[in-house]
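Colleague: I would like to go through this model with you, one question at a time. Please show it first.

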Amino acid sequence: MGSKTPLYDAHVKAGAKMVDFHGWDMPLNYGSQIEEHHAVRRDVGVFDVSHMTIVDAQGEQAQAFLRYLLANDVAKLKTEGKAQYTSMLNEKGGVIDDLIVYHFNENSYRLVVNSATREKDLSWINSVAEKFTVTISERDDLAMVAVQGPNAAEKLQQVLTAEQFAEIDGMKPFVGRQVGDLFIATTGYTGEKGYEIIVPADAIVGFWDALLDAGVAPCGLGARDTLRLEAGMNLYGQDMDETVTPLEANMGWSVAFEPADRDFIGRQALEQKKAEGHDKLVGLVMEEKGVLRHGQKVIVEGGEGLITSGSFSPTLGFSVAMARVPATVGETAEVEMRKKLVTVKVVKPSFVRNGQSVL
Amino acid sequence: MSTIPADLKYASTHEWVRNEGDGTFTVGISEHAQDLLGDMVFVELPDVGDKVDAGDDVAVAESVKAASDIYAPMTGEVVAINEDLEDAPETVNNDPYGDGWLFRIKADDASEFENLLDAEGYQAVVDED
């Protein structure tokens, strides 16, 4: 048996098919992952993301520490609660993990990192922190849910008190705010409007039940994967890992090379990679029958690459994928699937936003 | 718990077979198989008129999770396919033993049916998964 989030019993009660996810017993679906996918695109769904790791970094050198640890620059964060997508790199520029950092003030930040990489992340963070005046605390007293979809705000309003909702009403994207016991952020992993909400572990079951009572659909890892793929969001361990730099994973935008005098772990390797040239992560679209899958070979102009994530897109009704290929790639590619070569379109790795195709 | 109707026969590769009593046999995949595969997104069926041998891969059930070959449980000719699955592959999930049938074979040798697993025998296969 794996680790259980505080919502384990609630999942079983809701009819979840539970599966092992990197040592955690998590819901794959509650019946149909495609229906759950549509619920998030058209209405609202809730995911248990309590398996993710929440780490607070506090102290007089918290900002200096994170400016060295992370590839994006936390000094760009000026307002309380502002969030930033970033990554931790090794000296070779490989991605140890991608994460979201929240800025409370220059002495206080919160990181939300992946569950699959928990141990190595914590040991890396702690080892780098030794050179700084900063205290690292893992917040295993907290649980987290993601409420995602066009009707997320309306449903959340039904679950919060009027005072609580007023605090976050109209909050801009990528901002988090402490509201009583809750930390509510306008972030997510679906390409829809919505919230990620951190709740004390002992209060999460009541919060979950209230959301379900308000008509929010419980959604599992299956829908989470197709939603994030349609949105062109990377999955750690699949679209990038320690052998891949952010530049090769469509994460170049989250690396701050300016100011030039900021040293961060991996910087030198990335600068070298940039000068030498490198592969890139692209989107693939196949409108004919069949499903692009992780690991399939992709033949492009100037070489070949691999599909890192591929699936059927429930919103589009055909298959999409992300693939890492030589930068010489043209407008089409050939994918080797089930005994034949199929021609697919090459696009930017983003397929659906706010319920609509962006192809 | 998945259901395994007693009036059907089964292949160890998770197809079910129903004797239509006129020399033809309807084939689908079991409740257990559709549950393992998850939401179906495409079903590729053979063509009517195809000659198939028992054990040939003749169809593909492609779900969100994986593409899975479906094998002909008996030798014969394909006499009908379930064209409704083209637009509604989820029928295989929702009604695997009914509207989610895949194809029908006119058997060369109807006695092959007797060699397939009965519900109890198939339950043993499921228990091993």
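What follows is a set of questions and answers on two chains and where they touch.

Colleague: What kind of model is this?
Modeller: Keep one thing in mind throughout. The model is predicted.

Colleague: How many residues of chain A and of chain B are in contact?
Modeller: Contact here means heavy atoms within 4.5 Å. Count each side on that rule. Chain A brings 15 residues, and chain B brings 18.

Colleague: What area is buried between chain A and chain B, and which three residues of chain A supply more of its share than any other three?
Modeller: The buried area is about 1300 Å², and carbon and sulfur atoms give 47% of it. On the side of chain A, one trio supplies 46% of the area that chain A buries against chain B. The three are A:K289, A:R293 and A:R338.

Colleague: Which element of chain A gives the largest share of the side that touches chain B?
Modeller: Two elements of chain A, α2 (33-42) and β16 (303-313), each supply at least two residues of that side. The largest share is 3 residues. That share comes from α2(A).

Colleague: By class, how many residues on that side of chain A are nonpolar, polar and charged?
Modeller: Sort the residues of chain A that touch chain B into classes. The count is 3 nonpolar, 6 polar and 6 charged.

Colleague: How many salt bridges does the rule find across the interface of chain A and chain B?
Modeller: Polar contacts come to 11 residue pairs between the chains, with both residues at pLDDT 80 or more. Salt bridges are counted by their own rule. The number found is 3.

Colleague: Which residue of chain B meets the side chain of A:R293 in a salt bridge?
Modeller: A:R293 is in the loop between β14 (280-286) and β15 (297-300) of chain A. Among the residues A:R293 touches in chain B are B:S63, B:V64 and B:K65. The backbone oxygen of B:A66 lies 3.3 Å from a polar atom of the A:R293 side chain. The salt bridge, 3.0 Å from N to O, is with B:E62.

Colleague: Is A:R293 buried or exposed?
Modeller: The cut-off for buried is under 20% relative accessible area. A:R293 has 13% relative accessibility, so A:R293 counts as buried.

Colleague: Where is A:T53, and what is its relative accessibility?
Modeller: A:T53 is in strand β4 (residues 53-58) of chain A. A:T53 counts as buried, because its relative accessibility is 2%.

Colleague: In which helix is B:T91 found, and what is its relative accessible area?
Modeller: B:T91 is found in helix α2 (residues 91-94) of chain B. Leaving out residues up to four places away, B:T91 touches B:L85, B:P96, B:D99 and B:G100. B:T91 is buried, because its relative accessible area is 18%.

Colleague: How many helices and strands does chain B have?
Modeller: Read the elements from the N terminus: β-β-β-α-β-β-β-β-β-α-β-α. Then count each kind. Chain B has 3 helices and 9 strands.

Colleague: What radius of gyration does chain B have?
Modeller: The C-alpha trace of chain B spans about 35 × 30 × 20 Å along its principal axes. Of its 129 residues, 51% count as buried. A compact globule with 129 residues would have a radius of gyration near 14 Å, so the value for chain B agrees: 13 Å.

Technical notes. Residues numbered from 1 in each chain as written. Chains lettered and ligands numbered in written order. Predicted model: local features only at pLDDT ≥ 70, side-chain atom pairs only at ≥ 80, totals over all residues. Heavy atoms only, no water. Buried area = accessible area lost by both parts, 1.4 Å probe. Salt bridge = Lys/Arg side-chain N within 4 Å of Asp/Glu carboxyl O. Polar contact = N/O pair within 3.5 Å; in protein donor to acceptor, adjacent residues only side chain to side chain. Helix = DSSP H or I, 4+ residues; strand = E, 2+ residues; numbered from the N terminus. Nonpolar A, V, L, I, M, F, W, Y, C, P; charged D, E, K, R; others polar. Rg over C-alpha atoms; globule rule 2.2 N^0.38 Å. Buried < 20%, exposed > 50% of the residue type's maximum accessible area, 1.4 Å probe, protein only.
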